[in-house]
Structures are given as C-alpha cells and as structure tokens.
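Open the model in your viewer and keep the sequence panel beside it. The tour below goes from one selection to the next and says what is found at each stop.

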Amino acid sequence: MPGILPEMSIDESLDVTRIYSVADQLPAGTPLIRHRPFRAPHHTISHAGLVGGGNIPKPGEISLAHKGVLFLDEFPEFGTRVLEVMRQPMEDKVVTISRAKGSLTFSANFQLIAAMNPCPCGYYGDTQKPCSCASALVTKYQKRISGPLLDRIYIHIEVSRVDYEKLSGDRMGEPSECIRARVQAARNIQSRRFSSNGSSDIVCNADMRVRRLNLSARAYHSILKLARTIADLAGSAEIQSVHLAEALRYRPIMLG
C-alpha cells in the first residue's frame with residue numbers, strides 16, 4: 001500500500017517527522033522522513049499504545065501512521081474500547097489526549113486497512129471446508145466490530161479462497177509503479193479541484209468533512225466521496241452511474 005500511494009510532499013514529510021521526533025522514534029541518520037509510514041500493531045496493543053497516552057502524553061500508533069497506512073490484522077481480536085476510541089480520530093483526523101496538567105492534540109490522518117476472518121474458525125462461507133462454529137457464535141464474533149465503526153470504513157471486500165493453481169502460477173500482477181501513477185494522477189485532479197475552490201486544508205477527497213450527521217447521512221456522504229475517487233481514477237470529470245454502482249458494492253454486508 002505505501003508503494004502505490006502518492007509520494008509525500010515536503011509539508012507532509014515535515015508533519016510526519018515532527019510526530020516521530022516527539023515520540024522519540026526518528027530513525028538515526030534520518031533528519032526528514034520521506035516515505036509514508038506503515039504501522040501494523042499486534043491486537044494485544046493497549047489503548048495508550050494505539051491512540052497515545054502516558055503521564056507525559058506521546059503519540060500512539062494512529063499518529064505514527066499519520067499520512068500513511070495503519071494495518072490492523074485480526075480486527076475483531078482488538079479490544080472493544082481500543083477500537084471504539086478510533087472513531088473520533090477517523091472523523092476529525094486528530095486525537096486529543098487530556099491529562100490533569102492539560103491536553104495535547106496529535107495529528108492522526110491515517111488510512112485504515114483492517115483484515116478479519118468471517119468467524120472464529122475462519123471457514124464460514126467457504127466452498128470447500130465447512131464452518132465448525134455455531135450460528136450464534138458467528139454473529140457474536142462479527143458484532144465485535146460496531147456499526148458506527150464499520151460505517152467509517154468505506155470499502156468492504158470479501159476475499160474468497162484462492163485456488164492452488166493461482167498461488168503456484170508464475171503470472172505476474174501489475175507493478176506498483178503503474179498503480180502509483182494512476183493514484184498520483186487522481187490525487188493531482190483532487191488537489192487542483194480543492195485549490196480552485198479555496199480549500200487550502202483539503203488536499204484529497206478523504207479530507208472532505210461531514211459533521212453532525214447521523215449514521216445514514218454519513219454512509220450517504222461516504223458513498224459520494226468514494227464514487228468521486230473512483231471517477232477520478234477513471235479520469236472522469238463527473239460522477240457517472242457506474243462509479244456510484246461500484247461505490248455501493250463496497251458497502252459492508254454482514255456474513256452472519
């Protein structure tokens with residue numbers, strides 16, 4: 001994912017470097033971070049480790065992933081409180097940590113990617129191996145991820161079993177450089193669009209804000225933002241019905 005995202009601007013590099021400097025994680029001999037961060041914490045991480053904290057508050061993983069990717073594998077295995085506290089940073093792109101002596105605000109504009117099994121045994125819906133979980137257990141497992149949190153994730157994809165022939169074949173996929181070129185072109189379109197509208201704090205579609213909206217309204221605007229991005233990737237000046245249809249396909253579907 002960092003390999004297909006647009007290269008960071010100087011301002012973005014400075015923002016990320018400041019965060020790593022405050023967290024005392026700036027690599028030796030690297031005065032300026034030029035590559036987008038990729039953070040993949042284990043599901044046993046604490047609340048403070050993910051969002052930040054401590055007696056003297058330091059940035060957590062969501063801030064260390066600023067302008068980059070935060071990958072959460074085994075998504076339902078993370079603590080419920082740990083996951084729910086991400087809802088506000090995902091909406092506002094910042095996280096505020098309050099202590100008796102005051103509060104600190106850290107940037108947290110990250111791209112969340114999460115992976116999960118459909119059930120505890122991992123075989124619910126599999127075409128070759130039957131699931132050994134009771135129906136109630138499958139539902140309980142999936143409900144560890146709340147609706148409001150799922151609603152903040154725009155793209156949901158069910159990945160089926162991959163055939164052995166595909167895994168063992170020598171067919172090569174599309175190089176990351178080619179994908180990055182398309183992503184960069186779409187980002188350039190968005191940058192020009194927002195700069196012409198005088199939106200200096202918005203550089204891409206994901207930065208468009210929707211505040212004080214209920215769940216259905218948030219879903220409505222997330223579909224529009226995703227359709228706008230799909231249209232940009234296709235080089236279309238307007239959102240077409242095919243772009244909306246693709247965005248709608250990525251809405252979450254409960255497997256249980």
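With which residue does Asp126 form a salt bridge? Select Asp126 and Arg161 together: they form the salt bridge, and the closest N and O atoms are 3.1 Å apart. Asp126 sits in the loop between S7 and H6, while Arg161 sits in the loop between helix H7 (147-150) and helix H8 (164-168), so the pair ties together parts that are 35 residues apart in sequence. Asp126 is partly exposed, with a relative accessible area of 23%. Arg161 is partly exposed too, at 38%. Bear in mind during the tour that this is a predicted model.

For another of them, select Glu61 and Arg39, whose side chains meet at 2.7 Å, N to O. This pair links distant parts of the chain: Glu61 belongs to helix H3 (residues 61-64) and Arg39 to strand S1, and they are 22 residues apart. Are Glu61 and Arg39 buried or exposed? Both are buried.

Next, select Arg182 and Glu174. They form a salt bridge with the closest N and O atoms 2.6 Å apart. Arg182 is partly exposed, with a relative accessible area of 40%, and Glu174 also counts as partly exposed, at 45%.

Switch to a cartoon view and colour strands S1, S4 and S7. In what order do the three strands form the open sheet? The order is S1-S4-S7, and the pairing is parallel. Strand S1 (38-39) and strand S7 (111-114) stand at the edges with a single partner strand each, so one side of each has no neighbour in the sheet. In general, strands of a sheet pair through backbone hydrogen bonds, either parallel or antiparallel.

Start with S1 and S4, which pair in the parallel sense over two bridges. Select Arg39, the residue already seen in the salt bridge with Glu61; its bridge partner in S4 is Leu70. Now move across to S7. Strand S4 (residues 69-72) and S7 run parallel and are joined by four bridges. Leu70 has Leu112 as its bridge partner in S7, and Phe71 has Ile113.

**Two loop residues with positive phi**

Select Asp24, in the loop between helix H1 (10-22) and S1. Asp24 is not a glycine, yet it has a positive phi of about 60 degrees. Its relative accessible area is 65%, so Asp24 is exposed.

Go on to Glu74, in the loop between S4 and helix H4 (80-84). Glu74 has a positive phi of about 55 degrees, although it is not a glycine either. Glu74 is partly exposed, with a relative accessible area of 28%.

**Helix H6 from both sides**

Select helix H6 (residues 135-142) and show its side chains. Which residues of H6 are buried? They are Val138, Tyr141 and Gln142. These residues are on the same side of H6, because they cover an arc of only 95 degrees around the axis. As background, an α-helix has 3.6 residues a turn, so residues three or four places apart point the same way.

**Cysteines**

How many disulfides are counted? The count is zero. Cys178 counts as partly exposed, at 37% relative accessibility, whereas Cys204 counts as buried, at 10%. Cys204 has its place in the loop between helix H9 (176-196) and H10. For a distance across the model, pick the C-alpha atoms of Cys204 and Ser241: they are separated by 21 Å, with the two residues 37 residues apart along the chain.

**A nonpolar surface patch**

Finish with a surface view and select Tyr220, Leu224, Ile239 and Leu244. Together they form a nonpolar patch on the surface, with about 330 Å² of accessible area. Tyr220 lies in helix H10 (residues 215-233). Is Tyr220 buried or exposed? At 52% relative accessibility, Tyr220 counts as exposed, because the cut-off for exposed is over 50%.

Note on methods
Residues are numbered from 1 along each chain as its sequence is written. This is a predicted model: local features need pLDDT of at least 70, side-chain atom pairs count only at pLDDT 80 or more; totals for chains, interfaces and linings use all residues. Side-chain values use heavy atoms; hydrogens and water are left out. Patches are made of residues with over 30% relative accessible area and no salt bridge: like charges are joined within 9 Å, nonpolar side chains (Val, Leu, Ile, Met, Phe, Trp, Tyr) within 5 Å. Accessible areas come from the Shrake-Rupley method with a 1.4 Å probe; for residues, only the protein chains shown count as cover. A salt bridge is a side-chain nitrogen of Lys or Arg within 4 Å of a carboxyl oxygen of Asp or Glu. Buried means under 20% relative accessible area, exposed over 50%, partly exposed in between (1.4 Å probe, protein chains only). The arc is that of the directions from the helix axis to the C-beta atoms. Two strands pair if DSSP finds at least two bridges between them. A disulfide is a pair of cysteine sulfur atoms within 2.5 Å.
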